[in-house]
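Please walk me through the main features of this model, starting with its sheet and moving on to the helices and a single residue, and explain the terms along the way.

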Amino acid sequence: MSVRELVVLGTASQVPTRHRNHNGYLLRWDGEGILFDPGEGTQRQMLRAGAAAHDLNRICVTHFHGDHSLGLAGVIQRINLDKVPHEITAHYPRSGQRFFDRLRYATAYRETVALTEAPVDTDGPIHRTPGYTLEARRLSHPVEAFGYRLVEPDGRRMLPDRLAAHGIKGPDIGRIQREGTLDGVPLEEVSEVRRGQRFAFVMDTRLCDGVYALAEGCDMLVIESTFLDEDEELAVEFGHLTAGQAARVARDAGVRHLVLTHFSQRYTDPEEFERQARAAGYEGELTVAHDLLRVPLPKRR
């Protein structure tokens, strides 16, 4: 059975706290694992969450501030220590190549795994698989940053009443799906479009075009909300979002499930993020993330 869920490894911004680890987010997408922004301590958080190096196929780094990337060294060395048998691809801003190199070779170790470097320097699709297209969009932060988005291809949903009306049943259902037509009956006559799922990951940024492009029509949007609305000036100054801003993006983009994360250590009441998000008019499913939380993607439309 395919599994699509977000495993939250850490939710702190800037510095870890007693209750929040540095950032880290593992997206399980069917048989593939995509690790986003491995901050310090990610390797241990993966262990606590029941996730292994063998579960990883792809690493996506939004930018090279420490709370989003210092865990790379340990994760990469663990991948090699465990001799992961498949290729792993790393995406990150090309302008941070020197930081990636330093983290990849922070200490001596034996390389046993094919780690493919795929730096990002432009908006748009950056990788395609049969199960999804991975896209990147530039964000607005003091250092170059990109957000990421997975878009599953649209499929077809079979309609039992129309199949029955045309006498199509059993193995013939699979045949018309594969061939597109059966005895003069086109696939479109007995099915409808099943919209592919969409997932977006947006970290440190001010409001900008990239944020809206990534969020548009998403089934799940994981987005930073470092500050509460009363500190919006600080958010703008340091290149971040508030809870209300993130919620309004989700509202306007038609997001089904909003996951708020990356919280400043100055706040002690996580429920206030939810209150401000609701006050901003977001009515969909809402999660204020905490460490080691598992969040399933919404069921298909």
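Ala90 stands opposite Glu117, a residue of E6, and the strands involved, E5 (residues 88–91) and E6, pair in the parallel sense over three bridges. Two strands are said to pair if DSSP finds at least two bridges between them, while the elements themselves are DSSP runs numbered from the N terminus, helices (H or I) having at least four residues and strands (E) at least two. This is a predicted model, in which local features need pLDDT of at least 70 and side-chain atom pairs count only at pLDDT 80 or more, whereas totals for chains, interfaces and linings use all residues. Residues are numbered from 1 along each chain as its sequence is written, and side-chain values use heavy atoms, with hydrogens and water left out.

E5 and E6 belong to an open sheet of seven strands with mixed pairing, in the order E6-E5-E4-E3-E2-E1-E18. Its edge strands, each pairing on one side only, are E6 (115–117) and E18 (294–296), and the twist from one strand to the next averages 20°. Helix H3 (residues 72–81) packs on this sheet, where it touches E3 (32–36), E4 (58–60), E5 and E6, and its direction makes about 175° with that of E4. Helix H4 (residues 97–104) lies across E5 and E6 and runs at about 165° to E6. For such values, axes are lines fitted to C-alpha atoms, for helices over the stretch in contact, and angles run from 0 to 180 degrees between N-to-C directions.

Elsewhere, helices H9 (residues 243–253) and H10 (residues 271–279) pack at an angle of about 45°, their axes being 8 Å apart. H9 and H10 are therefore oblique to each other, since angles under 35 degrees count as roughly parallel, over 145 as roughly antiparallel, 65 to 115 as roughly perpendicular and the rest as oblique. Ala243, Gly244 and Ala247 of H9 meet Phe273, Gln276 and Ala277 of H10, contact meaning heavy atoms within 4.5 Å.

Leaving aside neighbours within four places in sequence, Val193 is in contact with Asp154, Gly155, Arg156 and Arg157. Of this group, Arg156 is 37 residues from Val193 in sequence, yet their C-alpha atoms are 4.7 Å apart in space.
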